[in-house]
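Please keep the sequence and the 3D view at hand while reading.

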Amino acid sequence: MEDLQVECYSGYRGEETPRCFRLGQNRIGIRKVLDRWLSPDHRYFKVVGDDNAVYILRHDTVSWRWSLTFYKQRKDGDEQ
């Protein structure tokens with residue numbers, strides 16, 4: 001998968017949180033961050049997009065590149 005273009009918000013602690021991303025020509029806003037976790041070389045964000053899908057975005061802290069590692073279209077009523 002090609003690199004994603006991700007726009008982030010940097011909070012008061014300086015931690016960047018994704019606010020939207022571009023997947024091809026589609027701009028997907030992030031409605032909610034469900035979870036986040038760290039590994040030695042990556043940061044992961046499990047998010048709900050404004051298209052009601054769940055994504056896991058991975059940020060490589062060495063190369064500063066983003067990638068999509070998971071996608072699931074949610075059905076109405078699904079919590080996660």
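## Terms and basis

Two strands pair if DSSP finds at least two bridges between them. Strands (E, at least two residues) and helices (H or I, at least four residues) are DSSP runs, numbered from the N terminus.

The model is predicted: local features need pLDDT of at least 70, side-chain atom pairs count only at pLDDT 80 or more, and totals for chains, interfaces and linings use all residues. Residues are numbered from 1 along each chain as its sequence is written, and side-chain values use heavy atoms, with hydrogens and water left out.

An open sheet is formed by 6 strands in the order 1-2-3-4-5-6, with antiparallel pairing. Strand 1 (5–10) and strand 6 are the edge strands, each pairing on one side only. On average, neighbouring strands of this sheet are turned by 30° against each other, direction ignored; the axes behind such angles are lines fitted to C-alpha atoms, for helices over the stretch in contact, and angles run from 0 to 180 degrees between N-to-C directions.

Strands of a sheet pair through backbone hydrogen bonds, either parallel or antiparallel. Here strand 2 (residues 16–23) and strand 3 (residues 26–38) pair in the antiparallel sense over 4 bridges. Strand 3 is joined to strand 4 (residues 42–49) by 7 bridges, again antiparallel, and lysine 32 has valine 48 in strand 4 as its bridge partner. Another 7 bridges join strand 4 to strand 5, where leucine 57 is the bridge partner of phenylalanine 45. Strand 5 and strand 6 are joined by 8 bridges and run antiparallel.

## The hairpins

The hairpin of strand 2 and strand 3 has 2 residues between the strands, and glycine 24 takes a positive phi near 65° there. Arginine 22 stands opposite arginine 27 in strand 3. Strand 3 and strand 4 are joined by a hairpin through 3 residues.

Between strand 4 and strand 5 the hairpin has 3 residues, with asparagine 52 at a positive phi near 70°. The hairpin of strand 5 and strand 6 has 4 residues between the strands, and tryptophan 64 takes a positive phi near 60°.

## The nonpolar core

A nonpolar core is a set of buried Ala, Val, Leu, Ile, Met, Phe, Trp, Tyr and Cys residues joined through side-chain atoms within 4.5 Å. Buried means under 20% relative accessible area, exposed over 50%, and partly exposed in between (1.4 Å probe, protein chains only). The largest such core has 12 residues, including Leu4, Val6, Ile28, Ile30 and Val47. Strand 3, strand 4, strand 5 (53–60) and strand 6 (65–73) are the elements that give two or more residues to this core. Strand 5 gives the most, with 3 residues.

Strand 5 is largely enclosed by the rest of the structure, because 6 of its 8 residues are buried. Histidine 59 is found in strand 5 and counts as buried, at 2% relative accessibility. Leaving out residues up to four places away in sequence, histidine 59 touches Asp41, His42, Arg43, Trp64, Arg65 and Trp66, where contact means heavy atoms within 4.5 Å.

## Aromatic pairs

Rings of Phe, Tyr and Trp (its six-membered ring) pair if their centres lie within 6.5 Å; planes under 30 degrees apart count as stacked, over 60 as edge-to-face and the rest as tilted. The whole structure has 4 aromatic pairs. Tryptophan 37 and tyrosine 44 are stacked, because their ring centres are 5.4 Å apart and their planes are at 10°. Tryptophan 37 is partly exposed, with a relative accessible area of 34%, whereas tyrosine 44 is buried, at 17%.

Phenylalanine 45 and tryptophan 66 form a tilted pair, 5.9 Å centre to centre with 35° between the planes. This pair links distant parts of the chain, with phenylalanine 45 in strand 4 and tryptophan 66 in strand 6, 21 residues apart. Phenylalanine 45 is buried at 3% relative accessibility, and tryptophan 66 is buried at 7%. Ring pairs also link Phe21, Tyr55 and Tyr71 into a cluster.

## Cysteines

A disulfide is a pair of cysteine sulfur atoms within 2.5 Å. By this rule the model has 0 disulfides. Cysteine 8 is in no disulfide, and the nearest cysteine sulfur, that of cysteine 20, is 8.6 Å away. Cysteine 8 counts as partly exposed at 30% relative accessibility, whereas cysteine 20 counts as buried at 2%.
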